[in-house]
Amino acid sequence: MALRFFILKWKGADILEYCKLQIGCMLIILYIAFVYCEERRRFKQHNKLSLFDLMLSVGMLAVLFDGATAYTVNHLDSVNGTLNIVLHLFFLLGLDSFIFLLFLYMISITTGLPGRQSRRFLLYSPFAVNVILVVVNIPSLKYHEGEISNYSMGVSAYTCFIMAGVYIVLSLIIFFGRWRYIEKHKRMSIFTYLSVLACVTAYQMFHPQALLSSICVTVIVLGAYVNQENPTVSELAHYHDEMIMGFATLVENKDGSTGGHIRRTTTYVKLLAEELRRRGYYRNELTKDFMKNLCMAAPMHDIGKISIPDVILQKPGRLTEEEFTAIKSHAESGGRIIQETFGNLENKEYAQMAYEVARFHHEKWNGKGYPDGLKREEIPLAARIMAIADVFDALSEKRCYKDAMPMDKCFEIIQEGSGQEFDPVLVEVFLDIRSQVEEVHRIISHKE
């Protein structure tokens, strides 16, 4: 009995000698997975499987097989050769799969994954070729003795690290290419874990006996969870969105609206922006963060109306020149209110977009709008998108001073405004999604 205990104790110490890094990394990842799943359960976030979910699962497997191979490669005399090969195969495939998922994740959180099958094929095909090469060449894997630890080399290992390097470089290119359009508070975290990944991978390539791959996996999972995937933060953001929508609806009630204008225009803005991105227009600007901030900023476009007297906003007849001037002042007032109210928010990108939407959504493509007479691309993209949604809804809905226009007439006026009042590219896309716009109008107006 004592001998058996001694043997088990010795084996445990032997495992720790070669696998302590992997064991420590696995404990961290398991803790993150537990907290992540518990928070999703608590907030009832039972949406479909996400890329982060896949990264978390594949990351755990990669670390598990990293630890297993770290042990077997140092015990070649006592470990079955076939088992050793199989474990190395799973480790290499797990590591490559994790890096590839990170690459897809970077695309997802910036511009979004492409919808076209042809573009997705271009993304997946190099990874598929890499998997085939790793599997085919795994039997020729060679083992070398190092000063710190034994390690494996061969075509499969070279292929794995080369493809990992390629996808790391591509991830960095995507990140720096979209740097301006990623929320500032996210940039440092993403930069940190991509830098750690690049440095550790480069060191591992030149010092294969280091066996540091698990550090990469752990830092990426931790960074993504803390900065982008924390369910608690997502829930707080949801409450924030609801508060904004409620506040904007209260302001909208000043001119007799029931809040449908806010919901409709916000949905029109989202539909138009998504279709623009799908077609590849303004691809650098229309990142995931831009889209999220735009949908949160859209309800605030008429916040300046809070400073306009009700007697003017609710006047059923024709406005005098002085009254119309007062109405126009809501754009400038709205920008000022946003700056004073949201100027100290951590999310500076959202505050800036809310300001742009509020102040510039009445600017015109030909420079004849207000309050600043901006023209063409001088007008921020968010405000140009908002302008079409706002005018269309104003035309299609009954107001205290006018009746609703027929749908055909509303779209005709938008088309006539192409190149004059509105960005012609945005008008073209808006007209193309007419059926979706009409459906949104029907559903939301029916609920009022």
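Colleague: Which element gives the largest share of the lining of the second largest cavity?

Modeller: One note before that: this is a predicted model. The element is H6, with 4 residues. Helix H6 spans 184-206. H3, H5 and H7 also give two or more residues each to that lining.

Colleague: Which residues line the second largest cavity?

Modeller: They are Leu95, Ile99, Phe161, Ala164, Leu197, Val200, Thr201, Gln204, Ser213 and Cys216. By class, 7 are nonpolar, 3 are polar and none is charged. The space inside is about 80 Å³.

Colleague: How many cavities of 30 Å³ or more does the whole structure have?

Modeller: The search finds 4.

Colleague: Which elements each supply at least two residues of the lining of the largest cavity?

Modeller: H2, helix H3 (81-110), strand S2 (151-153) and helix H5 (155-177). The lining divides into 10 nonpolar, 5 polar and 1 charged residues.

Colleague: Now the helices. What describes two packed helices?

Modeller: Two values: the angle between their axes and the distance between the axes. Take H2 (residues 51-72) and H7 (residues 213-229). Their angle is about 160°, and the axes are 9 Å apart. An angle over 145 degrees counts as roughly antiparallel, so H2 and H7 are roughly antiparallel to each other. Their crossing is left-handed.

Colleague: Which residues of H2 and H7 meet?

Modeller: From H2 come Phe52, Met55, Leu56, Gly59, Val63 and Asp66. From H7 come Ser213, Ser214, Val217, Ile220, Val221, Ala224, Tyr225 and Glu229. This contact has 9 nonpolar, 3 polar and 2 charged residues.

Colleague: At what angle do the axes of H3 and H7 cross?

Modeller: At roughly 30°, and the axes come within 11 Å. Angles under 35 degrees count as roughly parallel, so H3 is roughly parallel to H7. The crossing of H3 and H7 is left-handed.

Colleague: Which residues does H3 bring to the contact with H7, and which does H7 bring?

Modeller: H3 brings Phe91, Leu95, Phe98, Leu102, Tyr105 and Ile109. H7 brings Ser213, Val217, Ile220, Val221, Ala224, Gln228 and Glu229. By class, that contact has 10 nonpolar, 2 polar and 1 charged residues. Ser213 of H7 meets H3, and Ser213 is also one of the residues lining the second largest cavity.

Methods:
Residues are numbered from 1 along each chain as its sequence is written. This is a predicted model: local features need pLDDT of at least 70, side-chain atom pairs count only at pLDDT 80 or more; totals for chains, interfaces and linings use all residues. Side-chain values use heavy atoms; hydrogens and water are left out. Axes are lines fitted to C-alpha atoms, for helices over the stretch in contact, and angles run from 0 to 180 degrees between N-to-C directions. Angles under 35 degrees count as roughly parallel, over 145 as roughly antiparallel, 65 to 115 as roughly perpendicular and the rest as oblique. A crossing is left-handed if the near helix is turned anticlockwise from the far one by less than a right angle, and right-handed if clockwise. Contact means heavy atoms within 4.5 Å. Ala, Val, Leu, Ile, Met, Phe, Trp, Tyr, Cys and Pro count as nonpolar, Asp, Glu, Lys and Arg as charged, and the others, Gly among them, as polar. On a 1 Å grid over the protein atoms alone, a cavity is a set of points where a 1.4 Å probe fits but cannot get out, and a pocket is an open set with protein on both sides within 12 Å along at least five of seven lines; lining residues have an atom within 4 Å of a point. Grid points are joined across faces, edges and corners, and a volume is the space filled by probe spheres set on the points.
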